[in-house]
Amino acid sequence: MKKVIISLMALVAICSAQTASAWGGWAHKLIATIAETHLTPEAKAQTEKYLGSPIYDHATWMDKVPLWNKKRIPGWEQTSWWHMCTVDRVGKKKFALSDKRGSNGDGDLYPNLVKCVENLKNYRNLTDSAVMINLKCVIHMVGDMHCPCHIYYTEFEDCFSRKINGKRYRRHDQMYVYYNGKKTTSHRVWDGLSIREIWPEYGADYELFRAALDKTSPKKQAKMCKGTIEEWVLRNAKDCRYIYDLVKPNDHIDREFLLDNQKLSKQQCLRASYRLAYILNECFK
């Protein structure tokens with residue numbers, strides 16, 4: 001039986017900690033809200049049994065890991081590397097999974113998501129706390145895997161943050177841009193604003209956003225969920241790559257830019273939602 005290489009004893013002690021963070025924490029919860037409506041009765045019952053509440057309550061849990069690590073809670077440091085996928089370009093429009101990582105191991109989402117999914121498929125042979133932890137990791141990582149700025153493209157020299165002559169350089173996904181005149185990063189724009197700014201009148205109402213987005217036919221949903229996790233990662237890499245040609249450091253963008261690119265934002269949000277539901281339904285058959 002494969003297990004995620006983390007200290008479960010330490011995790012159980014702090015598993016109730018929750019907060020919102022990055023897709024923006026808001027978007028992670030939206031993805032889980034949509035996924036929740038597509039769970040089978042059995043999957044819904046099992047996830048609530050182990051989590052104690054609906055999956056959207058736990059969508060941002062993994063983003064607290066860096067804070068726990070600062071408190072010297074052992075066993076969590078490597079999960080800070082599980083938020084980004086790393087890919088190599090192997091052709092004009094093709095990509096392959098990369099074994100390159102940041103100096104701290106950053107960019108390790110894909111193999112650890114696969115491990116966590118394998119663990120959940122074997123959930124009957126795991127402790128309740130192990131099931132809970134793997135569930136929370138899967139819920140978050142599936143969301144991260146689909147965010148346009150959660151892919152490290154090794155073709156960029158600044159794929160990973162690095163120090164040169166003592167100065168730290170930002171990663172390609174963290175380049176500075178201006179949104180409505182305010183300095184921010186491309187990562188922040190795509191993590192949350194790219195969805196929320198489509199319907200600013202909805203505020204933070206998950207149900208309004210869910211109703212506006214979740215209109216895909218069952219046939220198209222099934223098509224989105226075909227293939228392996230590896231194939232999903234590589235298709236995401238192909239579809240999201242263009243944003244780095246579209247926006248350069250210090251560019252000024254506004255809501256019109258996001259509306260012009262809303263197809264990508266909606267597509268990636270829905271892919272994450274339907275695939276999360278698909279994974280959990282398969283694990284808890």
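**Charge pairs, strands and surface**

Biologist: By about how many helical turns are D239 and R235 separated in helix 10?

Modeller: D239 and R235 are 4 residues apart in helix 10, where helices (H or I, at least four residues) and strands (E, at least two) are DSSP runs, numbered from the N terminus. This is a predicted model, in which local features need pLDDT of at least 70 and side-chain atom pairs count only at pLDDT 80 or more, while totals for chains, interfaces and linings use all residues. Residues are numbered from 1 along each chain as its sequence is written, and side-chain values use heavy atoms, with hydrogens and water left out. Being 4 residues apart in that helix, D239 and R235 are therefore separated by about one helical turn.

Biologist: At what N to O distance do the side chains of D239 and R235 meet in a salt bridge?

Modeller: A salt bridge here is a side-chain nitrogen of Lys or Arg within 4 Å of a carboxyl oxygen of Asp or Glu. Side chains of opposite charge can pair when their charged atoms come close. For D239 and R235, the N to O distance is 2.9 Å.

Biologist: Is D239 buried or exposed?

Modeller: Buried means under 20% relative accessible area, exposed means over 50%, and partly exposed is in between (1.4 Å probe, protein chains only). R235 is partly exposed, with a relative accessible area of 44%. D239, because its relative accessible area is 16%, counts as buried.

Biologist: How many residues apart in sequence are the parts that D239 and R271 tie together?

Modeller: The side chains of D239 and R271 also meet in a salt bridge, with 2.8 Å from N to O. D239 lies in helix 10 and R271 in helix 13 (residues 262-283), so this pair ties together parts whose separation in sequence is 32 residues.

Biologist: What is the distance between the closest N and O atoms of K44 and E48?

Modeller: K44 and E48 both lie in helix 3 (residues 41-51), 4 residues apart, about one turn of the helix. K44 is partly exposed at a relative accessible area of 31%, and E48 is likewise partly exposed at 28%. The two residues form a salt bridge whose closest N and O atoms are separated by 3.4 Å.

Biologist: How far apart in space are T47 and L280, C-alpha to C-alpha?

Modeller: T47 also has its place in helix 3, and at 0% relative accessibility T47 counts as buried. T47 and L280 are 233 residues apart in sequence, but in space their C-alpha to C-alpha distance is 8.3 Å.

Biologist: Which residue in strand 2 is the bridge partner of V87?

Modeller: Strand 1 (residues 85-89) has 4 of its 5 residues buried, so it is largely enclosed by the rest of the structure. A hairpin joins strand 1 to strand 2 through 5 residues, and strand 1 pairs with strand 2 (residues 95-97) in the antiparallel sense over 3 bridges, two strands being paired if DSSP finds at least two bridges between them. Within that pairing, the bridge partner of V87 is L97.

Biologist: And in strand 3, which residue is the bridge partner of T86?

Modeller: Strand 1 and strand 3 (residues 151-153) pair in the parallel sense, over 3 bridges. The residue of strand 3 that is the bridge partner of T86 is Y152.

Biologist: Which strands stand at the edges of the open sheet formed by 3 strands?

Modeller: The order in that open sheet is 7-6-8, with mixed pairing. Each edge strand has a single partner strand, so one side of each is left without a neighbour in the sheet, and these edge strands are strand 7 (182-185) and strand 8 (252-253).

Biologist: Which residue in strand 8 does Y178 stand opposite?

Modeller: Strand 6 (residues 176-179) and strand 8 pair in the parallel sense over 2 bridges. In strand 8, the residue opposite Y178 is H252.

Biologist: How many salt bridges does the count come to?

Modeller: Besides the pairs above, R89, E155, R241 and D245 are linked in a network of salt bridges. By the 4 Å rule, the count comes to 12.

Biologist: What percentage of the 285 residues in the chain do buried residues make up?

Modeller: The chain has 13 helices and 8 strands. Among its 285 residues, the buried share is 54%.
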